[in-house]
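Here are my notebook entries from a look through this model.

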Amino acid sequence: MRIRSARSAPLPALLLAAALAAPAAAQSSANDSGPRLRLPVEEIALGARVQTLFSTSSVDSVQPADVTMRRVYLEASVKVNAFVGGKLQMDFAGDRAVVRDAYLRLNVSPGLQLLAGNAYKPFSLIALTSDTRILPIERGALIRGAAPLDEYNLLSGLQYTERDLGLQVLGSPTGAPLGFGYAVGAFRGPLGGSVGDQSPVSLAARATVEPLQALRFGAAWSSRDFRARSGDALQRGHAFELDAEYGDYGVPGLHLVGELATGDFSSADERRFTAAQAWLGYRTPRLSRALHAVEPTFRLSVGDVDAGAPANVGTLLTPGVGLYFGGLNRVSLNYDVWLPKADENDTLHSAKLMFQLAF
């Protein structure tokens, strides 16, 4: 068994190893020479991220400026052997610790893996991208005092994407044409345990191909139950997604990410939504020993709902820049401009400055 940090940083590994060794020390006998760490695993990869966010808001009902601990994650990925592994990720940024990822992974073969537990649904490319790597500071619109519905917030609020408890089958078969990969899963869903003796279920599936190096395409489907207008009757809603990506995170050059989604906003009244989001960035080659790269970015995110759209749907524009100081450690500046569809004169603004420590 060996312990390593997820980003080649030994200090957190040593701290967690010491914490894990404490129970072993309590159980050691008087003849033992000292505490011993004995875990029946081949490898533990430790990681953490701390994101400190300074933000402004043009909404009159909230403070014009504020600072928060946006995310404080600790995570451990475990490889028990070639067949069994898993991950645990906790968020300590709020008033209480919250479990984010917690799952067992069985590696039958490259083309067949089973994942059981709490993890992201295989749907949105933007949701599946780690928040340590995303080009903008946030995946969607976040303006204090407002609840804007751009592309990401629509998908997340309707719970077609995000994490859920369930079982997934995924893989990328060896020798598959175009680097084909897939994932399909069944999940507890947003109504799980809340509709009497019924058993609502959420489903999701995703397929990807990579026809050229650094060029990837994906398509996905997600399905969930909605409550009917009266009683506990359930009605099924569906969402569909197409995405494309050119370039790679951490690699100098152009990076483009885009996705388009459409689906049922509420199956009870047959309203539908359409939404799209795109990121564009250009990362410079290494500039100095301290400053590894500068990455100017731009994001466009649009949400819409037909037949009486909510007042808080609209368009988000986000110019920004990221300064990288080795690995995923960065300082990012974004300026969000929110244009609501209902009244384009009621434009909202939010400047964000984020400091990210990640390993």
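I looked up arginine 216 and found its side chain in a salt bridge with glutamate 245, 3.5 Å from N to O. (A salt bridge here is a side-chain nitrogen of Lys or Arg within 4 Å of a carboxyl oxygen of Asp or Glu.) The two partners sit 29 residues apart, arginine 216 in strand β10 (residues 215-227) and glutamate 245 in strand β11. Strands are DSSP runs of E with at least two residues, helices are runs of H or I with at least four, and both are numbered from the N terminus. I noted glutamate 245 as buried because its relative accessible area is 9%; buried means under 20%, exposed over 50%, and partly exposed in between, with a 1.4 Å probe and protein chains only.

A note on provenance: this is a predicted model, where local features need pLDDT of at least 70, side-chain atom pairs count only at pLDDT 80 or more, and totals for chains, interfaces and linings use all residues. Residues are numbered from 1 along each chain as its sequence is written, and side-chain values use heavy atoms, leaving out hydrogens and water.

Next I checked arginine 206, which forms a salt bridge with aspartate 243, their closest N and O atoms being 2.7 Å apart. Arginine 206 lies in β9 (residues 202-212) and aspartate 243 in β11 (residues 234-246), so this pair ties together parts 37 residues apart in sequence. Both arginine 206 and aspartate 243 are buried.

How many salt bridges does a search of the whole structure find? I got 20.

I found a nonpolar patch of about 700 Å², with Tyr246, Leu280 and Phe298 among its residues. (Patch residues have over 30% relative accessible area and no salt bridge; like charges are joined within 9 Å, nonpolar side chains, meaning Val, Leu, Ile, Met, Phe, Trp and Tyr, within 5 Å.) β14 gives the most to this patch, three residues. Leucine 280 belongs to β13, and I list leucine 280 as partly exposed because its relative accessibility is 41%.

The structure holds one cavity of 30 Å³ or more, and the largest cavity has about 40 Å³ of space. (On a 1 Å grid over the protein atoms alone, a cavity is a set of points where a 1.4 Å probe fits but cannot get out, and lining residues have an atom within 4 Å of a point.) Its lining includes Leu135, Glu295 and Arg330.

Key:
Areas by Shrake-Rupley, 256 points an atom, 1.4 Å probe, with all protein chains shown as cover. 1 Å grid on protein atoms, 1.4 Å probe; cavity = no way out; pocket = protein on both sides within 12 Å on 5 of 7 lines; lining within 4 Å. Points joined across faces, edges and corners; volume = space filled by probe spheres on them.
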